[in-house]
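The stops below can be followed in order.

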Amino acid sequence: MDLIKNINAKRGLKRNTALSKLLDLPHGARVLDVSCGTGELLKILSKKSDSLELYGTDISKEAIEQASKNVPNAKFVTTASDNLPFDQQFFDVIVCAMALHHYSNPKQTLAEMSRVIKNGGKLYLLDVTPSTPFSQRVYNFFGCYEKYHFEKFYTQEDIAGITLAENFSFIKATTLKAIPRLRLLEFKKV
């Protein structure tokens, strides 16, 4: 079991390092990592720039406790992704990595993200995004290796449709890996 945890930790570090290089983070930006887990992405971002104001949320109290230790200069809150305890238009950038497929109500989560991000702010969604309805059925059949909270994989078109309804315009997609279809989807709040 420890071997699997170590392999997943190495994959997560590699993924978060690659993700951090793709984010457009203005100087002094307020950045929220939704479903931040133990704060690994925020740890990388804190080393990249000390001008960023970093926040993280996760539903797991234990993950937030560890994140607070990993990134002491960030602010963390234990909360569900569909009920963010922040003021309207508070953040410049929101990142949600490898979590969208875990949400039972992604529309409500994206509505909350839309509420707390500034107009003109950027939303980055990194997730496994099957490229066709057929591959989506295959991915959903096999599910996520974290069985205790798998919900559904969404195609890029599914995600774009939900985000459009929540006042986000699609900017671009960047594929991080060919298999599985790990894509970073970038949106702007309008």
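Two rings of Phe, Tyr or Trp count as a pair if their centres lie within 6.5 Å, and planes under 30 degrees apart are called stacked, whereas those over 60 are called edge-to-face. The model is predicted.

**Aromatic cluster**

Select Tyr55, Phe86, Phe90 and Phe91, which form one aromatic cluster. Across the whole structure, a search finds seven aromatic pairs. Start with Phe86 and Phe90: the ring centres are 6.1 Å apart and the planes make an angle of 10°, so this pair is stacked. Phe86 and Phe90 are both buried.

How buried are Phe90 and Phe91 in terms of relative accessibility? Phe90 has 18% and counts as buried because the cut-off is under 20%. Phe91, at 0%, counts as buried too.

Keep Phe90 on screen and show Arg30. The charged end of Arg30 sits over the ring of Phe90, 3.8 Å from the ring centre.

**From the cluster to the strands**

Next, colour strand S1, residues 30-34. S1 and S2 run parallel and are joined by five bridges. In this pairing, Leu32 stands opposite Tyr55.

Most residues other than glycine have a negative phi. Which way does Gln89 go, positive or negative? Its phi is near 50°, a positive value. Gln89 is found in the loop between strand S3 (75-78) and S4, and with 40% relative accessibility it counts as partly exposed. Then select Met98, in the loop between S4 and H4. The phi of Met98 is also positive, near 55°.

**Helix H4**

Select helix H4, residues 106-116. Its buried residues are Pro106, Thr109, Leu110, Glu112, Met113, Ser114 and Val116. What do these buried residues pack against? Show strands S1 (30-34), S4 (91-97), S5 (117-128), S6 (168-177) and S7 (182-189), together with helix H6 (156-165): the buried residues of H4 pack against each of these elements.

**Ser20 in helix H1**

Go to helix H1, residues 2-22, and pick Ser20. Is Ser20 buried or exposed? Ser20 is buried, because its relative accessible area is 3% and the cut-off for buried is under 20%. The side chain of Ser20 reaches the backbone oxygen of Thr17 at 2.7 Å. These positions belong to a helix, and a general point applies here. An α-helix has 3.6 residues a turn, so residues three or four places apart point the same way.

**Cysteines**

Finish with Cys36 and Cys96. Cys36 is buried, with a relative accessible area of 8%. Cys96 is likewise buried, at 1%. A disulfide is a covalent bond between the sulfur atoms of two cysteines. How many disulfides are there in the model? With sulfur atoms required to lie within 2.5 Å, the count comes to zero.

Note on methods
Residues numbered from 1 in each chain as written. Predicted model: local features only at pLDDT ≥ 70, side-chain atom pairs only at ≥ 80, totals over all residues. Heavy atoms only, no water. Helix = DSSP H or I, 4+ residues; strand = E, 2+ residues; numbered from the N terminus. Buried < 20%, exposed > 50% of the residue type's maximum accessible area, 1.4 Å probe, protein only. Polar contact = N/O pair within 3.5 Å; in protein donor to acceptor, adjacent residues only side chain to side chain. Contact = heavy atoms within 4.5 Å. Phe/Tyr/Trp six-rings, centres within 6.5 Å; stacked < 30°, edge-to-face > 60°. Lys NZ or Arg CZ within 6 Å of the ring centre and 35° of its normal. Pairing = 2+ DSSP bridges.
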